Amino acid sequence: MSRTRLAAFLCLLLCLLAGHGWAEETYSFDLEEFAKKRFTWGGFVEAKGEHFEFNEEGAFALLNQYEDPRSTLNRFTSTLQLDGRFQQSLTTLNWLFRTWAAQDEAAWADDFVVYTGYASIKASPRLTLNLGKKTWKWGKGYAWNPVAFIDRPKNPDDPEEAMEGFIVAEADLVKSMDGPLQTLALTTVALPVWQGVNEDFGAINNVNVAARLYLLYLDTDIDFLYYTGNSRSTRFGLDFSKNLAANVEVHGEVAHIPTQQQKVLTESGSLTTREVSDTSYLAGFRYLSEQDITTIVEYYHNGDGYTEDELTRFYREVTDGYSLFQAGGGETLLQRAANIGQSGYGRPQVGLDYLYARITAKEPWDILYFTPGLTTIVQLDDGSFSLTPELVYTGFTNVELRARFTWLIGGEETEYGEKQNRSRLELRLRYFF
Amino acid sequence: MLRLIVTLLVLLTAMPAAAMDAEELLARVDRNLQPESAEMYRKLINIEPDGAKKEFVLYTLRKGRDKMVALFLSPASEKGRATLRLDDNMWLYIPNVGKPIRITSLQSVVGGVFNNADILRLDYGTEYEPTVMEETDSAYILDLKAKTASVAYDRLKMTVAKEALVPTTIECYAAAGMLIKTLYYKEMKDFGDGQLRPSVLETQSPLYQGYKSVMIYAKITRRELADEIFTLNALSTVQELR
């Protein structure tokens, strides 16, 4: 080979190599790895560190810590959540377990909870039968769901967390159609409350019935919901959700309970039971801006909430009880206040009107998988509120890192001003498998 | 006489293209990309400027012009999530949350450059109507206009390979005329049963400088499916259909 030919050959080789390097990247996809298995399982392990600053003058700090008052608390919690399913022909067994253990400067606590565990029989694409422990999460609201008649109350500070269900028998019928009514579905649930079965749902020795009729009508999700039984009072509900544009969704819920008994602290200081007819409702929207910022806003009217005056009476009951305790008068009044708290005053979002707003920015400053957010819940009757900035990063495969700080802000005798915490810092790491 | 023969010859060679109008071309592009009722496996890869990658694997079912459901098989953090599309309506089911929530086409359930409209894409002819069709030696160029305001991109400029009648490049524009992203269909592959189509879809966006997202199709199989599979009630049980 002459030098000229050799040079030409080398040039060609270099060009080819350069061409190969410049050529498009090739991608691989091995389907064998994703072959269907009869038994599948997964879950996550979580490590969570929390630092609490207590609101030492707040009613709930006085009530819960009068014997051992403290200003701060550090807690470490580890959690394991396991989910899975086993499919045999038309029948599928589904389960979700969670176990956790927490150690703080005051105590150790742990628990194991079967969130769900049920058998599902898909008799046909239109009919499914379920038997066992199950959750539904009825309703379209993000933070609250007044129509979730057979679910446990959602935590608006972490509304996307799994929840424990109830033991039921359920039939689910669905039909798809052409035209403005695209889907029609009827879900009926029998929920027994017996000794050892769903006892925390309500009065025992009853079989309760709940139903949901779902329509996808004119591109709108519409649910009609109903619950009746002797464990809780009968209630009716309606919800809807619709996309108004490629970046706007609106939703709402209404729940009506014709008759309900409610414990209330009277002006004279006695705890009485009153019969009320209440209507709760929620209206909200989700908006995605051109800058990839998602905003969720919801207004919630809690029909069986307490007025500002009724809440003030409870807070005063606690402070009076604590003053008596400090003066050496014993803890009788504080115990009474604790009982009143358990009768309804101690539950989250105990007032009448709330505003929820959550703003999250997807991958700002070109940082992929990074989502900062800001959430606030405002008690509209007394103006107190919580404010929670957070940072979430999911850039490592199967790992989610979350940092959150929550301030509770409010004056004396306001809902957030009387909570046990003044602030809470949380660092959480989840590894999914 | 010679001029007449030449004119006739030109007309005769031009006839196949002229015979196919823009709507028919778009319909053929849609059918060449995927059967009307089918199941498929796809891998999505988000590639960062430094070369770091994040991968997602989806099992997808589609029926007709307006029904699609996609189930995440991987990674573990996303496993069991399912997205449903019925015409302009989209929902996301997250196992932990336990109920479907409405999502919008401009959001992205996977991050990166692909949004929900790209992942749950219906036939182009379902969402867009052609307004202009041009022709070059090797390609047809279609200008497509969104039929409704709820469609993710207001206008598409689609380049269609003449021989295979599949897209090679699609430019996606917002209503204001801004280029949002460009989709590149690549690597023709025989999926069997007469399905010859691109197996890779790449996208880049001026809004995500240096980032790239890729969708790889591994298997596309015709399958008869009940309409009720494409309902909210069935979203938590999609994996039973594999």
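B:Glu129 sits in strand E7 of chain B, residues 128-135; strands here are DSSP runs of E with at least two residues, helices are runs of H or I with at least four, and both are numbered from the N terminus. With 38% relative accessibility, B:Glu129 counts as partly exposed. On this scale buried means under 20% relative accessible area, exposed means over 50%, and partly exposed lies in between (1.4 Å probe, protein chains only).

## How to read the model

This is a predicted model, in which local features need pLDDT of at least 70 and side-chain atom pairs count only at pLDDT 80 or more, while totals for chains, interfaces and linings use all residues. Residues are numbered from 1 along each chain as its sequence is written, chains are lettered from A and ligands numbered from 1 in the order in which they are written, and side-chain values use heavy atoms, leaving out hydrogens and water.

## Chain A as a whole

Chain A contains four helices and 18 strands, and its C-alpha atoms fill a box of roughly 110 × 55 × 40 Å along the principal axes. Of its 433 residues, 47% count as buried. Among contacts (heavy atoms within 4.5 Å) with a separation of 6 or more, 53% come from residues 24 or more positions apart.

The side chains of chain A include 39 positive and 59 negative ones, and the centres of the two sets lie 8 Å apart. For this count, Lys and Arg are positive and Asp and Glu negative, while His and the chain ends are left out; each charge is placed at NZ of Lys, CZ of Arg, CG of Asp or CD of Glu.

A:Thr116 belongs to strand E4, residues 108-124 of chain A, and is buried, with a relative accessible area of 10%. Apart from residues up to four places away in sequence, A:Thr116 touches A:Asn94, A:Trp95, A:Leu96, A:Phe97, A:Lys133, A:Lys134 and A:Thr135.

A:Val193 is in strand E7 of chain A, residues 181-193, and is buried at a relative accessible area of 0%. Beyond its neighbours within four places in sequence, the contacts of A:Val193 include A:Phe201, A:Ile204 and A:Ser231.

## Salt bridges within and between chains

Over all chains, the count comes to 47 salt bridges, each being a side-chain nitrogen of Lys or Arg within 4 Å of a carboxyl oxygen of Asp or Glu. One of them pairs A:Glu50 with A:Arg424 at 2.9 Å, N to O. This pair links distant parts of the chain, with A:Glu50 in strand E1 (residues 39-54) and A:Arg424 in strand E18 (residues 421-432), 374 residues apart. Both A:Glu50 and A:Arg424 are buried.

Another salt bridge joins B:Glu228 to A:Arg126, with the closest N and O atoms 3.1 Å apart. Here the pair crosses between chains, from the segment after strand E13 (212-222) of chain B to the loop between E4 and strand E5 (127-134) of chain A. B:Glu228 counts as buried at 4% relative accessibility, whereas A:Arg126 is partly exposed at 39%.

A:Asp200 and A:Arg152 also meet in a salt bridge, at 2.5 Å, N to O. A:Asp200 lies in the loop between E7 and strand E8 (206-217) and A:Arg152 in the loop between E5 and strand E6 (166-176), so the pair ties together parts that are 48 residues apart in sequence.
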